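Trainee: I would like to learn how to read a helix packing and the cavities in a model. Where do we begin?

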Amino acid sequence: MLAQHVLLGPMEWYLCGEDPVFGFSKLEQTNKPSHLCGRVFKVGEPTYSCRDCAVDPTCVLCMECFLGSVHRDHRYRMTTSGGGGFCDCGDTEAWKEGPYCQKHELNTSEIEEEEDPLVHLSEDMIARTYNIFAIMFRYAVAILTWEKENELPGDLEMVEKSDTYYCMLFNDEVHTYEQVIYTLQKAVNCTQKEAIGFATTVDRDGRRSVRYGDFQYCEQAKSVIVRNTSRQTKPLKVQVMHSSIVAHQNFGLKVLSWLGSIIGYSDGLRRILCQVGLQEGPDGENSSLVDRLMLSDSKLWKGARSVYHQLFMSSLLMDLKYKKLFAIRFANNYERLQSDYVTDDHDREFSITDLSVQIFTVPSLARMLITEENLMTIIIKTFMDHLRHRDAQGRFQFERYTALQAFKFRRVQSLILDLKYVLISKPTEWSDELRQKFLEGFDAFLELLKCMQGMDPITRQVGQHIEMEPEWEAAFTLQMKLTHVISMMQDWCALDEKVLIEAYKKCLAVLMQCHSGFTDGEQPITLSICGHSVETIRYCVSQEKVSIHLPVSRLLAGLHVLLSKSEVAYKFPELLPLSELSPPMLIEHPLRCLVLCAQVHAGMWRRNGFSLVNQIYYYHNVKCRREMFDKDIVMLQTGVSMMDPNHFLMIMLSRFELYQIFSTPDYGKRFSSEITHKDIVQQNNTLIEEMLYLIIMLVGERFSPGVGQVNATDEIKREIIHQLSIRPMAHSELVKSLPEDENKETGMESVIEAVACFKKPGLTGRGMYELKPECAKEFNLYFYHFSRAEQSKAEEAQRKLKRQNREDTALPPPVLPPFCPLFASLVNILQSDVMLCVMGTILRWAVEHNGYAWSESMLQRVLHLIGMALQEEKQHLENVMEEHVVTFTFTQKISKPGEAPNNSPSILAMLETLQNAPYLEVHKDMIRWILKTFNAIKNMRESSSTSPVAETEGTIMEESSRDKDKAERKRKAEIARLRREKIMAQMSEMQRHFIDENKELFQQTLELDASTSAVFDNSPVVSDMTLTALGPAQTWVPEQRQFVTCILCQEEQEVKVESRAMVLAAFVQRSTVLSKNRSKFVQDPEKYDPLFTQPDLSCGTHTGSCGHVMHAHCWQRYFDSVQAKEQRRQQRLRLHTSYDVENGEFLCPLCECLSNTVIPLLLPPRNIFNRLNFSDQPNLTQWIRTISQQIKALQVLRKEESTPNTASSRNSENVGELQLPEGFRLDFHPKNPYSESIKEMLTTFGTATYKVGLKVHPNEEDPRVPIMCWSSCAYTIQSIERILSDEDKPLFGPLPCRLDDCLRSLTRFAAAHWTVASLSVVQGHFSKLFASLVPNENHEDLPCILDIDMFHLLVALVLAFPALQCQDFSGISLGTGDLHIFHLVTMAHIVQILLTSCTEDNGMDQENPTGEEELAVLTLYKTLRQYTGSALKETPSGWHLWRSVKAGIMPFLKCSALFFHYLNGVPSPAELEATGTSHFDHLCHYLSLPNNLICLFQENSEIMNSLIESWCHNNEVKRYLEGERDAISYPREPNKLIDLPEDYSSLINQASNFSCPKSGGDKSRAPTLCLVCGTLLCSQSYCCQTELEGEDVGACTAHTYSCGSGVGIFLRVRECQVLFLAGKTKGCFYAPPYLDDYGETDQGLRRGNPLHLCKERFKKIQKLWQQHSITEEIGHAQEANQTLVGIDWQHL
Ligand SMILES: [Zn+2]
Ligand SMILES: [Zn+2]
Ligand SMILES: [Zn+2]
Ligand SMILES: [Zn+2]
Ligand SMILES: [Zn+2]
Ligand SMILES: [Zn+2]
Ligand SMILES: [Zn+2]
């Protein structure tokens, strides 16, 4: 403030030449607003990128611009910003289409090219601004980059220096929060809170003074900190700085922010600042202010960095002219900035180097920097400079890296990212300059790849297992990071023929250098098979060094394909060094690599450990394969297409170390006869299989454009088809299985529709893509991207599909597209002599079928190869032009028998033999397919030749009869198979049912669906339609005997009063689900009086149960054992479990449902006590009088008891004086009818409700125990009634058993509990409750009727009444009491409703009250007005009043019906079991009420008038009517979870605007939304930890205590994840209710697809909450996933 006033204010005046208030607004008006948005993103702010139009994925829009842009209807991606970076709206280079949003479009209309923004400013002003900016900017830079701690720059030095210093602590990324906090507490002697505060600021701003005082004082703190943090790492940075320096630096930062805000007023001012900043200083090169700041970046603390980065972004990067100049400065300093960054320890987002994304991704700038500043070469050279550790051959070496080197390696990787940015937008036209510089960069890149070619070589380990796993990850990290760059290099080359040719030459030259010594040394060896011979080197993969890293070869392969694709190879063959190519050299290393994979698979490299297995895995993995495995295949294809296939095959056999086997005719025979080592045979078998597989791939993989005649779409389609052949997949799974390009695109969306159908998800699970049936014919079993597991799964799935379609199960090779001419000769490998020899040999082994010298999969591959060859020949025949001769003559060759020496039969003949081999059942269909195709080809050839040959007829005949025979066999087999399948299907169906049923049982989701078993079936059907639930007229129900089975001992037992107790597992929890006032908080639970429940129901006690019955003693034994076990376990492992034994928690032994107590099962308790049932019962008035007298008598008695020694005579006189009501025997104490075991359980459950409900220590003697039992009963009934109403379910519809059992037991328990409580205590409660309606001079300070929840009152009164009635022998029955209590409370509720809920005026006034009810209610209302002194509003219409009463009282009536139903066991009327109308009349009847409720008042007007008067005369009522306080109105609005927006990004936006409430404007790292009340919290962070019951807890846990009494439902906004919390130790994550268009959630927001609210899923979460199932859900999740138990939920 002071700085603004004293220092900055005057400068603003000077700048404007007038009051800045006017000056700046003038500037603003004349300024033409920029057409660039440039909004700098806050941490967590949503950003959008259009997948259709963005030039690269770094082009993003802010939410506002996005919503106003065309892209909102495109395919877009949403992410949350990590802070920094700005909106690219308006940048025409960033977008292919629609660069402006609506808002910024307006500003484009009048842009004139390159207009100087200074023209709008006066000369004078320009000069002044220049002055001010120059001075201020220079000052700020000077002071911020000042490095001395104790003196100021000369011109600022003060004459007298005070001895005041700051001890300044700096941030580093080495020490943890905990370390810093701990150290600070020691060093500066502060509290933990303060230390947390310091640490938070240090982390945020980069530095914080932790002590102020004289030099000595600060120095001392410094030494403590340094000493304490230097043990393992370098110490924390601390400086003791003179106070004046700190002050100047702070002001320097202010100046920079000030400059930033000033230039916001005008483009002209901004331009001046840019000029000032880039002006070269007195020291020449690199001396401009901007340079100086950049170059000292790594020395500045975080806070200072972010201030000047922001200033750069709002000035230099927003001015197109200066952006270019700045880019040049940046590129000039690039090497130094990167070196600084690599040694610095701050994350890249705090480094100036991070601006590269803003500069390099602008295509025009990138191009300019490449041509003018040679940027590509600079980046690559800088990168290479930082990786100096090389082996003898000059290759990178990561083995034995020190920690520091590893750290540097991690940081230097960001340079690859820069290279990617530079290359990401490809040039549309090439200048010679660009060509030259690109090729120069390409040279540098080749140097880099050369250092990788052959790195991390490995040698097969024999004998001993390797001792230490070698380092392999670094090399693969490098490869992975470079993958996109390598691809992009090729893309660039593909764009220009000249560049491509040059690049190809360069690459080849480098490859030759790499392998210059390749043929040196030993004499070549000669191989020969079938009269072909070739020379090759002697080399064994299994004995010599081999490396997986061959980037130079692979780049050459990529370029070779481009030559083919762009047809450069045919256009300018003379320019290419094709003659220099030596095919054996090209194939050598890729072949070795593939042989290595084969040998690893054959188990030959087992002793080399996991590092090799991992490398092979990544080699094939989707992240790497494009520039590794795929390119090796291409390289082999290239080689084969240029050489004699026989030669190639022989070299291959030799490399696979199989040459001996196939060159020696009887090798196989010898194999089986001799006793050879079985492992070796196995190994060789696998190698043969692998080699055949490789040949299949070489011939079959022609889906890369350039290799085969296909386009990119065909390639991706084929990938998808093969993925979906394994099984249907979700969108994200598919994306993961496909390679992403540099723009993170797979190209899948454009083709998926063509090959797959989408299936929407249900309430759980996700949407799935299924392969279209017509695509199945393109399935290739030997697709090269299948892993072994995928291959066998796909095979199984495809065969099954074929069986389902009643087809044969052969999986023949698909028809393939033709090769490009450059690769065309490759197909000849199939008909080469060596190939035929290999095939023949293997078939012969199969025919001979001797021992284990061959394998089925070997044969399967040979069959596949034969199939491929046949397909090929067929294709050739079909596409042959007239007169051309088809040179592909596979069919002829396989019909010929072997040459003289071995006289083997022809391949064809062997196939025919094998067709009938019993041991080849699986392959029969395939062999059949081959023979059929063979015949078809033969026919084609014959029909095309002039003379059809007749002699074949015989064979055809023979063939057909054989076919018939076979068909018959096949038919029979088919029938048998179908029968088998049917049986299997039946069995699996049964199994599924079983699981489903048990799922229902185990999940216990409390679904109130009609499908769940109806439990009311066991109630007797009472034909009388006039069922009455209570009162003297209560319908008599014959007592039923109830038998239950204990789940623990399986014994059956009858529920009886005197027998052993049976109990239900139950879970009692506090609940605020029904709360209308979440801010209420019980201060002192020990003193809290729960007798009266407020109508806001702020906190209740809910009881739930899974409904599983046990003997009390069985349960006791079970619980004891669980307790003992857990205590032992906790001592041993110190682990949390999903349940807290010390709190009495356990899991139901049957369903593992979380429980914390048990409820006893009881018969209707009223029947036991209802001794008398006279027909002559008192009416309400008489009854009230009697009860009042009885209460009075009791009160006198109590008083006498409490004052026993003083004047006892007089007191007893009083008792005498008092007219004891007739038949009232105060001395009578009823005998408890229950068995000991039941009594014990009554106490157990009562105590549990008390303990949990009030959160106090258990005390079974406490007078509040019975109250808590009644409350829990009332609350649970209310919450269930609420759920039923919300879902429009009938009151007595089919409830799930567990709910029904729970309510019944709970109600009966609550009714029986008084028998184990003190009689006088219960009587005392009754009298007090009673007095709230019928005034009594002994109870004065009772709540007024507005502050009582009437249903709670009803339950408590009814359940306490027997305690009084048991001493009354006058003949009043319990039923009568129930009825009168019910009527009385109902009337009080009506008055309550009339007072609170009828005040609103209704528009559609009915003129005259017509109905009887309406007239009656009007009269009643008038009475009320009279008693309240006309404070009540003017009379609304009777119609309106009656409607309000009816609506308001409905929930109460429904709850009462449930209550009396369970209490007395009277079945419900059929009408109430059906959905539909409100059934008001039926309800009234069932509850023994007149349909016109107001009649109650009229019938008892005598006493009611005086009662109403007493209710209305209450002070609180008066205050309410005068508007001085609030009251709940009826019916209470249902509680729902908060409304969530449809579009998830609006939530992200909301959260990004949310700052931590504790640390002043800081952005919260984990903003978390309470779904119950909508509060946003700053979760999982030190700043918002609070203390709760002596422990530090995070904001969420703290919030659950106030908002959900311990239970909470949250949405973690950044993660898009729902969080359930219960207590401090329990929690789990739950799928969010947001889905993308593919029906998938995105937990962690990793994919960034737009997310939309799924209402059904959100409803499901809401239901869990309303049903109090959150804790249970957590329990199940934790049982299923033990890692959840270990999370510190309380810190969230
Ligand atoms: Zn914007
Ligand atoms: Zn915009
Ligand atoms: Zn778009
Ligand atoms: Zn039992
Ligand atoms: Zn259970
Ligand atoms: Zn916070
Ligand atoms: Zn809340």
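Mentor: This is a predicted model. Begin with the residues in contact: L1420, T1423, L1424 and Y1427 of helix 52 meet N1505, I1508, E1509 and C1512 of helix 56. Sorted by class, this contact has 5 nonpolar, 2 polar and 1 charged residues.

Trainee: At roughly what angle do the axes of helix 52 and helix 56 cross?

Mentor: Helix 52 (residues 1412-1427) and helix 56 (residues 1501-1512) have axes that cross at roughly 50 degrees and come within 9 Å. Helix 52 is therefore oblique to helix 56, since angles of 65 to 115 would count as roughly perpendicular and those under 35 as roughly parallel.

Trainee: Is the crossing of helix 52 with helix 56 left-handed or right-handed?

Mentor: Helix 52 makes a right-handed crossing with helix 56.

Trainee: How many cavities of 30 Å³ or more does a search of the whole structure find?

Mentor: The search finds 11. The largest cavity holds about 250 Å³ of space. It is lined by 19 residues, with L1097, Q1278, E1281, P1451 and R1532 closest to its centre. Helix 53 gives the most to this lining, 4 residues. By class the lining of the largest cavity has 9 nonpolar, 4 polar and 6 charged residues.

Trainee: What volume has the second largest cavity, and which residues are closest to its centre?

Mentor: Its volume is about 210 Å³. Of its 25 lining residues, H1102, G1104, S1105, R1298 and E1672 are the closest to the centre. Strand 14 supplies the largest share of the lining of the second largest cavity, 5 residues. That lining divides into 11 nonpolar, 12 polar and 2 charged residues.

Note on methods. Residues numbered from 1 in each chain as written. Chains lettered and ligands numbered in written order. Predicted model: local features only at pLDDT ≥ 70, side-chain atom pairs only at ≥ 80, totals over all residues. Heavy atoms only, no water. Axes fitted to C-alpha atoms, helices over the stretch in contact; angles between N-to-C directions. Helix = DSSP H or I, 4+ residues; strand = E, 2+ residues; numbered from the N terminus. Parallel < 35°, antiparallel > 145°, perpendicular 65-115°, else oblique. Left-handed = near helix turned anticlockwise from the far one by under 90°. Contact = heavy atoms within 4.5 Å. Nonpolar A, V, L, I, M, F, W, Y, C, P; charged D, E, K, R; others polar. 1 Å grid on protein atoms, 1.4 Å probe; cavity = no way out; pocket = protein on both sides within 12 Å on 5 of 7 lines; lining within 4 Å. Points joined across faces, edges and corners; volume = space filled by probe spheres on them.
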